[in-house]
Amino acid sequence: MKTNSVRQWWSPMVAISAAMVTCVATAQAQINVMCSVPVAWCEAVVGQYQRETGVRVNMTQKAAGEALAQLVAEKANPKYDVWYAGTGDAHLQAAEQDVTEAYQSPLLPQLHDWARTQAERSKYRTVGLFAGVLGFGYNRDVLGKKNLAPPKCWADLTKPEYKNEVQMANPNASGTAYMTIATFVQLFGEDKAFNLLRAMHKNTNNYPRTGIGAIKAAARGETGIGVTFLDDASPDVAAGFPVSVVAPCEGTGYQVASMSLIKNARNADAARKFYDWALTPASQKLAADTKNYQTMSNRNTPTPALAVKFADVKLIDYDFGKYGDASERKRLLAKWDKEVYAAP
């Protein structure tokens, strides 16, 4: 009787323990990803990783500025494990604010110098994922119907004839737009830069949430000109929209879009495995497969023909350290809100 009693007592405990192990295993076999590239690209990455590994990926897509704000707000209790892409400035600011975790992937030796430099700059709290050139695109049909010459320079976007024809994303949400402000300051000096931004404001019909939103509006004919990373316009060019892209004549900045592990993440081990996978050529090829023609960070990832060639563009020596600083970002955004966005 005692033996049976013991058996009867242990059986449900064994069942409970097994259930607990299953729950733990299930919890470990998932990751939560904040994704700051176009939705189709995010979904392709999630789908492929789930098929290859069986790990469940929960994905949220947000612009870089919005993603940074959320990750900082959730720092004490992080809900995400990995931040995939978004402008490098934002990732450097996350590193500075101790939101992200240091990690040196075994794939680092395979990466381009600019991607490894981004990792070193952040003390390995982020890594370069792809590179992109800042500029603008215009709709040939929209400008042609109004007999407007195509813009060639940043200063052209301030001309009165382009009134209500310009879109630039809101820099409080968009890494693209924040980099536009930082690029202007480095190109022209701060006083002239804000004079140009105020003049552009008079021509701006909308400030969308993302830089991609601005060029999509131009492709649809909702605006004549959209400030964007040039590679973000390549899907519309490939799809046959009447869009042309411009690397501005004065020179321009460039981004090293990055990837970071979130500090104190709930699924840290699984996150590192995803991070390593995202640096492989097979993973990075998914960008081009979803018609996003970027120069990816792994040297063995083929560069699409539609990707912008850095050698063909007048690039500034962008100061990633200064403009990746959280206090500098806060100062410039506050100044833009007060002196540009609040203007009539």
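This is a predicted model: local features need pLDDT of at least 70, side-chain atom pairs count only at pLDDT 80 or more; totals for chains, interfaces and linings use all residues.
Residues are numbered from 1 along each chain as its sequence is written, and side-chain values use heavy atoms, with hydrogens and water left out.

Let's begin with the pocket. A pocket here is an open set of points on a 1 Å grid over the protein atoms alone, where a 1.4 Å probe fits, with protein on both sides within 12 Å along at least five of seven lines; lining residues have an atom within 4 Å of a point. Of its 23 lining residues, Ser36, Val37, Thr210, Ile212 and Asp232 are the closest to the centre. Helix 7 (175–188), helix 9 (211–219) and strand 10 (254–262) each give the lining at least two residues; helices are DSSP runs of H or I with at least four residues, strands are E runs of at least two, and both are numbered from the N terminus.

Now, how do helix 9 and helix 10 pack? Their angle is about 30°, with the axes 9 Å apart. Axes are lines fitted to C-alpha atoms over the stretch in contact, and angles run from 0 to 180 degrees between N-to-C directions. That makes helix 9 roughly parallel to helix 10, a label for angles under 35 degrees; over 145 is roughly antiparallel, 65 to 115 roughly perpendicular and the rest oblique. Ile212, Ile215, Lys216 and Ala219 of helix 9 make the contact (heavy atoms within 4.5 Å) with Asp232, Ala233, Pro235 and Asp236 of helix 10.

Val45, Gln48, Tyr49 and Glu52 of helix 2 touch Ala270, Lys273, Phe274 and Trp277 of helix 11.

Last pair: the axes of helix 8 (residues 190–203) and helix 14 (residues 326–341) come within 10 Å and cross at roughly 45°, which makes helix 8 oblique to helix 14. Among the residues meeting there are Phe194 and His201 of helix 8 and Trp336 and Tyr341 of helix 14.
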